[in-house]
Amino acid sequence: MQLLPVFPSAEGLIPANLRITYSSVWRVIAIDGRGHMSAHTAVAPFSRRGCEEFFQNHLEQNGQTFICAKSLPLIDVPTCAQRPEEARARITALIDSLEASGVLCDPLLRNLPAGWVKPFEIFVRDLLRLRETVSFEVALVPKAVLFDGNVLLVFGDAEIRDFVRAMWDWFVAQTRTRCILTGEAATQLPSGQVVGLAGEKLLKRDPAAFNAKVYGPEAA
C-alpha cells in the first residue's frame, strides 16, 4: 500500500501547510495498462473534487488510471456531556466571531442545538483560519440543516467552494448521533430528533423547557 503525497500541492489555492483539523484518509483504487489493480492511501483535506483531480494527475504520471476514491474522516469529535447553558453561551460567542470576520450568518444559526457546540467550535475555528489564508465570501444559512438541505452559500473559486462545503458536511456528519441537548451519544427518536436518555426524560416532562435548553429561550 503506497502513501501518496498530501493534497493540495504547493501550487493550489489552498496552501498545503494550512492546518485544517479534519482531513481525511483516502483509499484510492487504480488500474494499470496490464489490468492490474492497486490500492493507495493518502491523507488529504476533505475536498472530493480536488482530491480526485490530484489522484488522477498523480496516477497518470505512473502509468495508472484512477478508478475511485473513498474517504474516512481522520478526526471525529467524541461525544461528551456538557452543560446546555454553557454550550448556548459558547455558540453565541462563536457566531459573534464569525460575524465580526465578515461571515453572513442567518439569525437562525443562533438557535443551533446546544449539543452540537463541540464540532461547531472546530468548524468555526478552521473556517476563520481558512479566511485568513484565501479570499472568499460565505453565508451560513441553517434553515435546512435539520433536513439535510444545501445550507452554505460560498462565493469564490470552485476549489474553495468545494472545500468549505466539505467542511460543513463534516460538521453535519458529526451531529448525527449527538444528543441535541447534552452532546452525549444518542439515537434518533421517531420525531427525527437525536436525543439521549436525560434529554428524552426532560422532553416528555416539559417540552418547552427542553426546547429552551436546546435552542435558546427565544425558541421555547
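This is a predicted model: local features need pLDDT of at least 70, side-chain atom pairs count only at pLDDT 80 or more; totals for chains, interfaces and linings use all residues.
1. Overall confidence. The mean pLDDT of the chain is 78, and 76% of the residues score at least 70. Among the elements, helix 2 (residues 84–100) has the highest mean pLDDT, 94, whereas strand 1 (residues 2–3) has the lowest, 36.

2. Main nonpolar core. The largest nonpolar core comprises 45 residues, and Leu98 and Phe120 have the most contacts inside it. At least two residues of this core come from each of helix 2, helix 3 (117–131), strand 6 (137–140), helix 4 (158–174), strand 9 (194–195), helix 5 (197–205) and helix 6 (207–215). Leaving aside residues up to four places away in sequence, Phe120 touches Leu94, Ile95, Leu98, Leu109, Leu112 and Phe171. In soluble globular proteins, nonpolar side chains tend to be buried together.

3. Separate core. Another core, of seven residues, lies apart from the largest one; Trp26, Val28, Ala30 and Ala69 are among its members.

4. Asn111. This residue is in the loop that runs between strand 5 (104–105) and helix 3. Asn111 has a relative accessible area of 18% and is therefore buried, as the cut-off for this class is under 20%. A polar atom of the Asn111 side chain lies 2.9 Å from the backbone oxygen of Tyr215.

Notes: Residues are numbered from 1 along each chain as its sequence is written. Side-chain values use heavy atoms; hydrogens and water are left out. pLDDT is the predictor's confidence in each residue, from 0 to 100. Helices (H or I, at least four residues) and strands (E, at least two) are DSSP runs, numbered from the N terminus. A nonpolar core is a set of buried Ala, Val, Leu, Ile, Met, Phe, Trp, Tyr and Cys residues joined through side-chain atoms within 4.5 Å. Buried means under 20% relative accessible area, exposed over 50%, partly exposed in between (1.4 Å probe, protein chains only). Contact means heavy atoms within 4.5 Å. A polar contact is a pair of N or O atoms within 3.5 Å; within protein, one must be able to donate a hydrogen and the other to accept it, and residues adjacent in sequence count only if both atoms are side-chain atoms.
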